[in-house]
Amino acid sequence: MTTLPVVETPPPGRRHAVLPPRHLADLDPAGRRAAVGALGEREFRAGQLSTHYFGRLVRDPAVMTDVPVAARGRLAAALLPQLLTGVREQSCDSGATRKVLWRLHDGALVESVLMGYPDRVTACVSSQAGCGMACPFCATGQAGLTRNLSTAEIVDQVVWLAGVAARGELPGCPPRLSRVVFMGMGEPLANYARVTDALRRLTDPAPAGLGLSQRHVTVSTVGLVPAVHRLADEGFAVTLALSLHAPDDELRDELVPVNQRWKIAEVLDAAWTYAARTGRRISIEYAMIRDVNDQPWRADLLGRLLAGRLAHVNLIPLNPTPGSRWDASPKPVEREFVRRLRMGGVPTTVRDTRGREIDGACGQLAAAEVAL
Ligand code: SAH
């Protein structure tokens, strides 16, 4: 991406607990009008700015020719501050997969991935800098939580990536970004208010938001039970992905430590409530870890937990993190696991492992940067 913002960046490691500057994407349309009015500008300029940012993916005041020159700079400075600074970009799959490492205003690092396919373009975004869930196989989990991202820091990742797709920079892919998955850094439901606000910005029709289809937005969670129930009550139809990774509490207590608080039965119960409320099929995420969770009996147990439910299993070949004692399951073991689940009546797919050679797994690019 030649168009990444290039500015002076704070030295790595600088940290303060200062909120990021307020941004258009933090505000709903009424809030934007009020903010524009408070700057002494006519309130309809809020709609113009929103059309540029959400509708045209434009943030450069110089091209906002429908706004008087005198007002452009002031409005952009107040409502479109630069939140994300590109630090490093990697690509693979002949340019169809792009990974960007961003530095935030306080030096915190987060990453986003753009994946182009012949029929769709997906953005994978971060909801927190770091993560407090401490899953031992996940690179982000090792470093702990730095902070929650603001609504606009989440939305702006998507707007940048949508701009890359719109400029036709993904060979052989449609120019319109159509899907967003919250599978970058962080636990989205631990940053509930900002993430649900971001869901509104992503799915409200332009110019209020980006106008993505709710069903094409996936929130992936370890299963914070009260937050899953709360999300079910919001009236969103976003897809819920549940990172299960084990069908028995003994192993899940280790792989997903939050299981010590909310057990599998409770987590699945919340997921079925979500499915019933929204009509959306739950995606059960299961990282295949050699000799840890990939035994035939665990496939059978998982099948019994899920049979007859509105769910499918998405197996993820483990992407081993540096220094980890764990490895991905061998392919024949994976195939047997799939076979048993399907025999048990559970739709199962194996996730495409896009971006593996660019440290596409959760947190690895940021971890590499910190290690430099
Ligand atoms: N906190 C959210 C989002 C995390 S990333 C969640 O846990 O769901 C999205 C998925 O990638 C999760 O299912 C997560 O468990 C999985 N994941 C993390 N590290 C991985 C690794 N090294 N290999 C394979 N999958 C991994």
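Trainee: What area is buried between domain 1 and domain 2?

Mentor: About 1200 Å², and carbon and sulfur atoms give 61% of that. Buried area here is the accessible area (1.4 Å probe) that two parts lose on being put together, summed over both. Keep in mind that this is a predicted model: local features need pLDDT of at least 70, side-chain atom pairs count only at pLDDT 80 or more, and totals for chains, interfaces and linings use all residues. Residues are numbered from 1 along each chain as its sequence is written, and side-chain values use heavy atoms, with hydrogens and water left out.

Trainee: Which residues in domain 1 lose the most area to domain 2?

Mentor: Phe54, Leu57 and Arg59, together 47% of what that side buries.

Trainee: Where are the domain bounds?

Mentor: Domain 1 is 23-79 and domain 2 is 85-371. The bounds come from an automatic or database domain assignment. Their centres, taken over C-alpha atoms, are 32 Å apart.

Trainee: How many salt bridges cross the interface?

Mentor: The rule finds one. It needs a side-chain nitrogen of Lys or Arg within 4 Å of a carboxyl oxygen of Asp or Glu. Separately, the side chains of Arg59 and Asp156 form a salt bridge at 2.8 Å, N to O.

Trainee: What is 2.6 Å from the side chain of His245?

Mentor: An oxygen atom of the ligand, facing an N or O atom of that side chain. At Asn319, a polar backbone atom is 2.7 Å from a ligand nitrogen. Phe137 has a backbone N or O atom 3.1 Å from a nitrogen of the ligand.

Trainee: How much of the ligand does the protein cover?

Mentor: 94% of the 530 Å² of accessible area (Shrake-Rupley, 1.4 Å probe) that the ligand has on its own.

Technical notes:
A polar contact is a pair of N or O atoms within 3.5 Å; within protein, one must be able to donate a hydrogen and the other to accept it, and residues adjacent in sequence count only if both atoms are side-chain atoms.
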